[in-house]
Amino acid sequence: MNRLSLPMKPATALLAMLALTGGAAADTIVGDLTWTTGQTIDVTENLIIQGTLNVEPGVTVNVVNGAEIIVQSGGVLNVQASDAQPAIFQPVSGRWDGLHFEAGASGSLSHAAVRGAVGSAVHVSGASVSMEGCEISDVRASGQEQSAYGIFASNDAQIDVAWSNIFDVVGPTGNDGDGGPGGTIVSEAADGNNGHVDGYNGPHAGHGGDGDDGNHGGDAAGIRLISGATASVSYSRIFAITGGDGGAGGFGGSGSRGGNGGDGIAFVVVGDGGRGGNGGNAGLAGNGGNGGDAAAIWASEPADQVLVYQNLIYDIVGGSGGKGGRGGYGAQGGSGGNGADTGITFVCGGDGGNAGHCGQDSDGGDGGDAGSANALLVENPAVRAIFSQNTVVDILPGARGDRGDRVNTTTPAWGGNGGVGGWPNYCEGSDGVDRARPNNGVNGPYGAYADSAGLTTSSTTSGIQAQAINNIFSIGATSDAFAFISNGSGIIASDSNLFDTGAMEDYFTGSGTTSLGFAFVLGDPMFADAGIADFRVMPGSPAIDAGDSFNVASLGMTVDLDGNPRIVDDADTPNTGLFNPIDMGAYELSVAPDCPADFAEPFGALDFSDVLGFLTAFGSMDPAADLEAPLGQFDFSDVLAFLSAYGAGCP
């Protein structure tokens, strides 16, 4: 049966079916094919596009677990859906391998929703893909210590992302390490008699096994660029990107108890007791896994400048390091054997055997390092990165891993008791040496802290790597949180940015160079409601009319993230920015038109309370009631102006 044989536009469809067996099964589109509005398409094996696949609004593509859609060289995936009727690509159950664009392919995705992928939702290698109004969500990694990416681009790929949402991309949590096995006695104990005079020494115990390290948490990024790939990302929301937590280290295995020494016997010669066996050492505790790193956009060696503007980026969180494993217990040493008794006059009893040593406790394991977090991370850029008109909120590193505990030294584990000397008629043998329990084993070290930043550049080459203009940085109320981190030869040139001083440790750090410029602003951005992720600025915000509009014009930004005009002068705010007044961040304050008749609450609606408010203001000669010339004189023309405005209603 043709799995793609639902109604399609005639004369343009040529579908070659490769009904192969096993994992090689695939459907191949070699001509033009259109999935029409409202269709549900079941993709039950890999779909290869060598021709052109057109996808219309309202199409739902259900993909079986593990399948992928591959656009090969010369192939085109053209999705032209709408906000009201997106084209949805999703798994039937489990996860699927997402959209893959190979070298020489191209894609134009408008209002496509790609959900439930494993590894990466959209994978672009050497191809050119544009995305507008798309949704990338619910992406998870393929396994332990693997990464999750909304979009992954490599090999000189070019991607253009606009008016899209990328969210819920999560690296895997590392598995906990297994505890080490307990030691076993190396050999069987031997008796001290059986025709021998001196007791046999007790056997030494086996050492405990080492605990396994916890797995590292996986990295996560909304957009990941490597090997010459570059991107333009604008008018988009990237949020809920989370690195995986590291797994806990396994406990060190405890050693086994040393065997007891055998007793001496009285034969022709009086025998001494055997020495007790040593207790086994504890195995090493496992280390906690490192937390995964998280970034909204992460670019390594892009071939062209990376443009990031007019975006809302928030809730980017690095993974926490795993706790180090607990140290293992050293085992008790064996007791020395007793010396032989004798009733023979002038013959001393046998000496008691010495006790075995206690095994060594192991130290607690290392805590895992915290994962870092960045809104934009650019490594070794060949050219500039532009970061402009973005609102950046809550970019938080993971917690460092807790140190592993040493063992509880009150738990019984000690060197054995020495054997008792034999009893004589003449003299008695000496007692063997007891062994005290040593106080060894210490807590492991904590994992390392990680930094978080709005913009990080790390470079081994010189030059301007990044420019940051007209952004709002409210990174998060945590230590090690910065607006900028520049390392190596990296340079960040900054101008006209707002730094929320209550939500950062400092503005910048690192071994590179950062310039804050002369027009930066410090203060509370005054977000409308951060609790529900409404990061529009309210009247009175220091971001209003404080930006540099020259860069906005060069990038062609005519509207803000809400689609409202980008440059709006707020008459109630002094213009402190450069050139035309513009607000910092992704949103422009919407200045409501005046409503002359709106004198009382509820504002925005006219009722009898506004009439009473006008009459009160008019009677007290409040300037608010002076609506008509000649100004400064309260007369019937002001009343007529109020009635006219009242009749027109509020805009």
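Asn470 is found in the loop that links strand S30 (466-469) to strand S31 (472-474); helices (H or I, at least four residues) and strands (E, at least two) are DSSP runs, numbered from the N terminus. The model is predicted, so that local features need pLDDT of at least 70 and side-chain atom pairs count only at pLDDT 80 or more, while totals for chains, interfaces and linings use all residues. Residues are numbered from 1 along each chain as its sequence is written, and side-chain values use heavy atoms, with hydrogens and water left out.

**Backbone sites**

Most residues other than glycine have a negative phi, and most peptide bonds are trans.

| Residue | Phi | Relative accessibility | Class |
|---|---|---|---|
| Asn470 | near 65° | 0% | buried |
| Asp138 | about 55° | 25% | partly exposed |

Asp138 belongs to strand S16 (residues 135-140). A cis peptide bond, with omega about 0°, joins Ala629 and Pro630. Pro630 is placed in the loop between H2 and H3.

**The helix pair**

Helix H2 (residues 608-619) packs against helix H3 (residues 636-648) at an angle of about 160°, and their axes are 12 Å apart. Axes are lines fitted to C-alpha atoms, for helices over the stretch in contact, and angles run from 0 to 180 degrees between N-to-C directions. H2 and H3 are therefore roughly antiparallel to each other, a class for angles over 145 degrees. In this pair, Phe608, Asp610, Val611, Phe614 and Phe618 of H2 meet Asp638, Val639, Phe642 and Tyr646 of H3; contact means heavy atoms within 4.5 Å.

**Nonpolar cores**

In soluble globular proteins, nonpolar side chains tend to be buried together. A nonpolar core is a set of buried Ala, Val, Leu, Ile, Met, Phe, Trp, Tyr and Cys residues joined through side-chain atoms within 4.5 Å. The largest such core has 83 residues, and those with the most contacts inside it are Leu77, Phe89, Leu99, Val122, Ile159 and Ile223. Leaving aside neighbours within four places in sequence, Leu77 is in contact with residues including Ile49, Leu53, Val71 and Phe101. A second, separate core of 26 residues includes Tyr314, Val537, Ala543 and Ala586.

Methods: Buried means under 20% relative accessible area, exposed over 50%, partly exposed in between (1.4 Å probe, protein chains only). Angles under 35 degrees count as roughly parallel, over 145 as roughly antiparallel, 65 to 115 as roughly perpendicular and the rest as oblique.
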